[in-house]
Amino acid sequence: VELFKEFYEQTTKHRKLSWIYALGTCHVRGNFNAKPIELVLGTFQGALLLLFNNGESQESLTYKEVQERLNLPEEDITRLLHSLSCSRYKVLNKTGNPKIISKEDTFSFNESFTDRMRRIKVPKAFIVLHHRHAPRQISLPVVDEKRKVLEDVDKDRRYAIDAAIVRTMKSRKQLQHQQ
């Protein structure tokens, strides 16, 4: 990444290159007992799975060890571990409550994972954070990003709707062509 960034900065003087790692995807081949399966993951999910790629089948990592090795904030670590151990595709085994990620959990590679498809896309599913009184579900997209996307979609639709109304009114002779 750094080599390409240096090359890009040398060839273009007026543009700035910035990488958004969270939006990337990677294809990882998981060698499970039943058959190899290609996993389509987010960049951070792939980095998390690579922590279990040293060949020792019984290695397990604690929540704290994963956080130290990936150097990411707690909420991101919780989201990543939940998507790989508690959602539909349980690529990682975990100890403790199967629906809630806690700091005392340990995680290990699930060699007995199987699926009928040869390639699966691991979704970034809902996460359940442990709250004082009750667990709550939080959608992965950040609220501000989601609101911005909805505003952009509404803006695009507004122009399309206005154009459709004008075409309809002109075709029915309700609106003059000069208006």
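Before you start clicking, one convention: contact here means heavy atoms within 4.5 Å. You're looking at a predicted model, where local features need pLDDT of at least 70, side-chain atom pairs count only at pLDDT 80 or more, and totals for chains, interfaces and linings use all residues. Residues are numbered from 1 along each chain as its sequence is written, and side-chain values use heavy atoms, with hydrogens and water left out.

**Stop 1: the whole chain.** Show everything as a cartoon. The protein chain has five helices and eight strands; helices (H or I, at least four residues) and strands (E, at least two) are DSSP runs, numbered from the N terminus. Walking from the N terminus, you pass α-β-β-α-β-α-α-β-β-β-β-β-α. Of the 179 residues, 30% are buried, buried being under 20% relative accessible area with a 1.4 Å probe, protein chains only.

Stop 2: Select 60-62, 106-109 and 92-94, which are β3, β5 and β4. These three strands form an open sheet in the order β3-β5-β4, with antiparallel pairing; two strands pair if DSSP finds at least two bridges between them. β3 and β4 sit at the edges with a single partner strand each, so one side of each has no neighbour in the sheet. Zoom in on β3 and β5, which are joined by three bridges. T62 has T106 of β5 as its bridge partner.

**Stop 3: where α4 meets α2.** Show side chains for F44, Q45, L48 and L49 on α2, and L80, L81, S83 and L84 on α4: they make the contact.

**Stop 4: the sheet β1-β2-β6.** Select 25-31 for β1 and 119-121 for β6, plus 36-42 for β2. Here is an open sheet of three strands in the order β1-β2-β6, with mixed pairing. β1 and β6 are the edge strands, each pairing on one side only. β2 and β6 pair in the parallel sense over three bridges, and E38 stands opposite R119 in β6. Bring α2 back into view: this helix packs on the sheet, touching β1 and β2, and its direction makes about 130 degrees with that of β2.

Conventions:
Buried < 20%, exposed > 50% of the residue type's maximum accessible area, 1.4 Å probe, protein only. Axes fitted to C-alpha atoms, helices over the stretch in contact; angles between N-to-C directions.
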